Amino acid sequence: MADLTGVNLDPNVAASTGGKTLIAPGTYKAIIVKDRIKDNKAGTGKVWNVKIQIVEGQYANELLNDFINITNKSAECQRIGQGTLRQICELTKQPYPPSNTEGMIGIPFGLKIGPDTFKGKDGKNVPWYRIKGYTTLDKVTGAAPVQAQAQAPATPATTKANEAW
């Protein structure tokens with residue numbers, strides 16, 4: 001047990017919901033709220049940094065970022081990035097190639113979210129979400145159905161974690 005006696009805790013602090021929300025896989029209605037073009041890390045190309053907001057359902061108002069290669073030394077990266085830009089132009093009814101992205105801001109489209117992992121500071125895989133693609137609004141379903149899981153036992157299992165430190 002940790003003794004918090006004498007620690008100056010704020011009795012009015014709001015409860016934390018943790019870091020970023022782990023968004024369930026699914027297809028969500030979303031809009032671009034902000035974007036910019038910047039140099040890629042290597043300084044050899046341009047990346048379209050897009051801030052996207054989910055606008056309906058359980059994850060409404062959650063913000064996500066996508067980094068889309070517009071120009072890149074790798075022809076494959078550039079083809080994928082420009083293809084994604086073209087797809088977003090079509091979904092937001094903007095001409096391709098666009099001279100700017102002003103007409104894409106605030107126009108709804110479908111955003112596909114899928115599971116992913118990243119390596120934490122401890123080297124372990126941490127579950128995360130990732131933008132997997134963009135689609136039409138008729139494909140929006142919200143979170144994918146979760147398969148039923150076995151009921152957890154009423155008492156905790158005996159593990160080393162339950163033992164005293």
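Trainee: Start with R130. What is its relative accessible area?

Mentor: R130 has a relative accessible area of 41%, so it is partly exposed. That class sits between buried, under 20%, and exposed, over 50%, with a 1.4 Å probe and protein chains only.

Trainee: Before I go on, what should I know about the model?

Mentor: This is a predicted model: local features need pLDDT of at least 70, side-chain atom pairs need pLDDT 80 or more, and totals for chains, interfaces and linings use all residues. Residues are numbered from 1 along each chain as its sequence is written, and side-chain values use heavy atoms, leaving out hydrogens and water.

Trainee: Back to R130. Which residue does R130 form a salt bridge with?

Mentor: D116. The closest N and O atoms are 3.6 Å apart. The pair links distant parts of the chain: R130 sits in strand β5, D116 in strand β4, and 14 residues separate them. The cut-off for a salt bridge is a side-chain nitrogen of Lys or Arg within 4 Å of a carboxyl oxygen of Asp or Glu.

Trainee: Where do E90 and R86 lie?

Mentor: Both are in helix α1. They are four residues apart, about one turn of the helix. E90 counts as exposed, at 52% relative accessibility. R86 is partly exposed, with 41%.

Trainee: You keep naming elements. How many helices and strands are in the chain?

Mentor: One helix and six strands. Along the sequence the pattern is β-β-β-α-β-β-β. Elements are DSSP runs numbered from the N terminus: helices are H or I with at least four residues, strands are E with at least two.

Trainee: What share of the chain is buried?

Mentor: Buried residues make up 27% of the 165 residues.

Trainee: Pockets next. What is the volume of the largest pocket?

Mentor: About 480 Å³. That is the space filled by probe spheres on grid points joined across faces, edges and corners. The pocket itself is an open set of points on a 1 Å grid over the protein atoms alone, where a 1.4 Å probe fits, with protein on both sides within 12 Å along at least five of seven lines; lining residues have an atom within 4 Å of a point.

Trainee: Which residues lie nearest the centre of the largest pocket?

Mentor: N65, D66, F67, R130 and I131, out of 20 lining residues. β3 (63–71), α1 (75–91) and β5 each supply at least two residues of the lining.

Trainee: How does that lining divide by class?

Mentor: Ten nonpolar, six polar and four charged. Nonpolar covers Ala, Val, Leu, Ile, Met, Phe, Trp, Tyr, Cys and Pro; charged covers Asp, Glu, Lys and Arg; the others, Gly among them, are polar.

Trainee: And the second largest pocket, what volume?

Mentor: About 170 Å³. It is lined by 13 residues, with I37, I70, L85, P98 and T101 nearest its centre. The largest share, three residues, comes from β1. The classes are seven nonpolar, four polar and two charged.

Trainee: Switching to rings. How many aromatic pairs does the structure hold?

Mentor: Four. In F118 and W128, the ring centres are 5.6 Å apart and the planes meet at 85 degrees, so that pair is edge-to-face. F118 is in strand β4 (residues 109–119) and W128 in strand β5 (residues 125–135), ten residues apart. Pairing needs Phe, Tyr or Trp rings (for Trp the six-membered ring) with centres within 6.5 Å; planes under 30 degrees apart are stacked, over 60 edge-to-face, the rest tilted.

Trainee: Which residues do the ring pairs link into a cluster?

Mentor: F118, W128 and Y129. F118 is partly exposed, at 37% relative accessibility. W128 is partly exposed as well, with a relative accessible area of 29%.

Trainee: Last one. Where is D138?

Mentor: In the loop between β5 and β6 (142–143). D138 counts as exposed, at 62% relative accessibility. Its C-alpha atom is 9.0 Å from that of F109, 29 residues away along the chain.
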